[in-house]
Amino acid sequence: MITLKVDVSTLVTLKDPLWSDYGQAEAPRQNRSESGGGVIRVTELGDPGNVISMGFRDVEQADYEALRDFIKDDMQYSGVTFTFTDSFGDDHTGMLYWSGLETWKPGKGGRWRGQLVIKRNLGA
Amino acid sequence: MAKDLTGTNIYAQKEALFNKVVHLVRVVRDHPDTGESILYIGSASGAYVLNGNTYLDRIMPNGLGDFSSSIPPGGGIANISEWTLDLQNIEHFVGGAGRYSDMLDSYFLENDEIFYDMIFVTGSETEADILNIFSGHIQESPNNTTTFSISAKDGTRSTLKAIPQDVTDLVEFINLPTNKREKPIPWAFGNLNVEPFNTSGNRARLAPCLCVDGLLQKYTSGRLNKTYGQPYTFYRSAGYYGKINDFTQTGEFFTIDSSERDTQIPLMRALATNDVADWVNVIDGDHSTGAVIANSDNLDLQSRGCPKLGTVSTLSVEIVATGGFNYTIQKSGETDITGSGSGDTSINLHSSWDFSSNWDFEQIKVLIDGTGAATVYEIYLALTFLEQETGDRLAFPVFQSVVGYEDLAARYPDGGVINSANVALTNPLDCLVAFCRDDRTGMRMPIAQIHTANLATERAKISNWIWDFSLTSEISPDDLGNPDNGIVQQGKIRMYRAFDGKWKFKVFDKTENPVAYFSHRWNINNVDANAPANETETTLRHYQTPMGDIHNEFIIYYGWDEALGEYTQSEIASPYYTVTGTGTLDKTAGTLTDPSATFITKNIQVGHKCFVARDKLYVVDAVVSETVIEVSPFDVLDQISDGHSDEYWIGPNFDFNCFRSTLKYKLTRRKTLRSKQIQDRDTALNLLEYYVEDLTERRSMVKFRTGVNAVDLENTDFIIVDHPDLPGKKRPAVLGTLDGAINDSVTALPMVGTGAQLAQENDILIIRAVDSPALPRKYHEVVFATGTDSENGEIDVTRAEVGTVARDWEAGDEVMRAITKFEIVGFDYLGNNTEVEITAKETPRNYTRIAHYAPEDIGRYEDSTAEEQARYAYYSHPNKESSWLDPDSVTAIYAPEPA
């Protein structure tokens, strides 16, 4: 199970995603330049971010509606940061909803499928 | 020189292939009621804390504006662009404190200070490691829903003011003439103390005076002179000065106490009865040259005239002479005055003749009859008269003999003297700094606004340059820094805002060493680091100075005479010649011989310039015959190239650079320079040489990007650039190869063959690996040659120059010589990309002639005969034909003289 939690009493849980992409970590803000001879210089301007993408399938309608309402009302889309607990039980704090709600569709048997992209706010 | 970043972590961090940078912005917000409140903004994720201040991450993506600065290519005052910053304007990002645009309710941001800095993050950095990129004053602050923008203007230009600042007013000068109100008080520099009637025949050079009290007849030549001497009136209708006999000097002002004046009127011409050939020596004002009057010789001369300027008090004929003679002074309608003299003789005319109605001095004839061996040095009329003063109604211009601006600490708002206490400032750099610092009539800059650490070094580059002048009308900052012959440029000076926010002065010196090395392999960036290898594109652009910048005929007018209102002297550099041919030089005889020449017929004169191809410039000392002239090198320290036979050109003002320019570019374009600062001929010639060198050739320009490794550079720095897109002649070229391996501390480079002989002291050399997997060609080390050891075949060097690293090198590694240097004329910091964009202009060569150009048909050294190799140890560019017309083509040195 994964959990999206604004505070101890404001949270939503969801079945484990079919796939998730933790490796899609946003690279740190780095400027890279290369000379004609292949000498590469890297100047780092900021910390690495963290973008997590997940894909879900066969989600019960009630669970989808709970997720949808949580994003709309409790997270106010990207308005409120939350803690994301992943399938491994690790917490990722300072996360923001970024995109994905628009991809959710009902499938066979009334179960839903869709994606979720969340992103860590480095300023949080 | 580059920025002095001693004591910071910048030198180490900037060269690292990986570093961390935070951009910092401080906005010093101000409200008259609440005072200052500094806003700290940074580019680090979240927040960056330094010295107790938290710099919040509020900059929009790509929200840092580019910083751009440039200097006019020929010198002058630098320009710095406006700078912009875009901040996030969304409320909750500000932690609930409101949007940035809400600041406009609480603060008046107009002209508040803003600072844009950068710092390398190591974990142990301190405030001392901050490097300022831009500091200025906020101008505009528009916003929209998401973005709050700030634009700022560089503040240094606002410290420049029109000078002289000290002007007349009716409070201090209650009887100020009407036409003298709000006029600058003159500001004199240098030696304006060559008085009229001097016995050297020199043109008078005095400081102009301003009448500040029409009733008291009170004048000043300036408040800040070192000395105040004799004042004079100048009569423009007559062209004579009148010495003001009665005056009272009180401080920096003097009053004219009577109408009595002295003047001298030179004689005009020889009469038909004159038989003394050197009679002109007697009227030239120079008492050291004269005419010998032998027995029965007749020195018969006519006087000049003079408009009636008042009432004659005394009038005499003055004869400066040695030995005895008889004289007769004649005037139409008057009885002759006769007598005899011995030595200096004064003959009273006023007691015998009437000048109450007319000053018909042109009717006076002076007839000297020789009675033995006499020498007459000078004859003139000495006149004392009561001037028909009109006072402030129609005042004659008044001048004073002065030594100008005195270097005193009390003259400046703070800080010490500019050069040396109590000296009169004449060096162009010192004058410019005085313009900036003087507290009374200058720009009143505190010492904190002036970069002083390099002034002594810069002054030494033009130590023999002299300015003698007076500022009598307003000069704006734009006039001062006019890129086309402005005052700053006339001292070869560049004036720009240094990284520390101070005004910095730099004198152009083509022999200056570079401070950085850029190569396409090492640190010149490609456009896109993500591009595939076969699609890479370099950021370097090569172009040339505009065709319109080419000039090849120059005239500089100097010797400004305030009394005459015109320049009195000029120097010319010209491509025009009177004769050309092929001649042979003889060092012993000091001659140039051309059996086919007709020097006399062609009217070749002493003083004409003579350039010999593949050699040097000479001056004609004598015309011996139609085929022989005596010459000496224009550079008095040089020697005649004995036995050299080649093409030559002779002309009054012939300059080989100008001539070569007309041949190369098929055009002739004149540049006229005017300098009111220069009275000294050597200074005028030096300035002329600077312009000739700069403008007779098109200069290569380069523009390229590099990384933060260049943050220590600034405008006017010299750099070396190597890139395949540069013409071959502009690139460093191989001098030879190492004859053995060396470690990173060896200071004598062993060279294969005669390679060591090809280097010279002060050469800039680059050691580069012959391509190998272990040490590919991009690695290099710049060294400076300190001498050569031909016996051991070695070049003595200093290692690891211009920021390069000393390495171990292998036998066979290449040693290249960089002949071309570039001066940075544009420095842009692109913060979003953390790149520096440099624009640089090729400088004239350190030397365009080493000893002799190699003959036109000589190829590379290794292709020449043994005799040629013995005669010329030389070097030519690898892919260019030899052409003595082209200074980039072939340079040569003679082999060392046999022991």
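Is B:Arg444 buried, exposed or partly exposed, and what is its relative accessibility? B:Arg444 counts as partly exposed, at 34% relative accessibility. Buried here means under 20% relative accessible area, exposed means over 50%, and partly exposed is in between (1.4 Å probe, protein chains only).

## What you're looking at

This is a predicted model, where local features need pLDDT of at least 70, side-chain atom pairs count only at pLDDT 80 or more, and totals for chains, interfaces and linings use all residues. Residues are numbered from 1 along each chain as its sequence is written, chains are lettered from A and ligands numbered from 1 in the order in which they are written, and side-chain values use heavy atoms, with hydrogens and water left out.

## Chain B at a glance

Chain B has 899 residues, and 54% of them count as buried. Its secondary structure comes to eight helices and 57 strands; these are DSSP runs numbered from the N terminus, with helices (H or I) of at least four residues and strands (E) of at least two.

Take the contacts (heavy atoms within 4.5 Å) in chain B between residues at least 6 apart in sequence: 69% of them join residues at least 24 apart. The chain exposes about 36200 Å², with carbon and sulfur atoms supplying 46% of that; such areas come from the Shrake-Rupley method with a 1.4 Å probe, and for residues only the protein chains shown count as cover.

## Around B:Asn111

B:Asn111 sits in the loop between helix H2 (103-106) and strand S10 (113-120) of chain B. With a relative accessible area of 52%, B:Asn111 is exposed. Leaving aside residues up to four places away in sequence, B:Asn111 touches B:His137, B:Ile138 and B:Gln139.

With B:Gln139 there is also a side-chain polar contact of 3.5 Å. A polar contact is a pair of N or O atoms within 3.5 Å; within protein, one must be able to donate a hydrogen and the other to accept it, and residues adjacent in sequence count only if both atoms are side-chain atoms.

## An enclosed helix

Now look at helix H3 (residues 428-437) of chain B: ten of its ten residues are buried, so H3 is largely enclosed by the rest of the structure. Among them are B:Leu429, B:Phe435 and B:Arg437. At the start of H3(B), a side-chain oxygen of B:Asn427 reaches to within 2.9 Å of the backbone nitrogen of B:Leu429.

For B:Cys431, the nearest is that of B:Cys436, 12 Å away. B:Cys431 is buried, with a relative accessible area of 0%, and B:Cys211 is buried too, at 6%.

Most residues other than glycine have a negative phi, and most peptide bonds are trans. The peptide bond from B:Ile163 to B:Pro164, though, is cis, with omega near -5°. B:Pro164 is in the loop between strand S12 (147-154) and strand S13 (187-189) of chain B.

B:Glu182 is in the loop between S12 and S13 as well, and its phi is near 60°, a positive value in a residue other than glycine. B:Glu182 counts as exposed, at 57% relative accessibility. Back to B:Arg444: it has a positive phi of about 60° although it is not a glycine, and B:Arg444 lies in the loop between H3 and helix H4 (455-461) of chain B.

Terms used: Disulfide = S-S within 2.5 Å.
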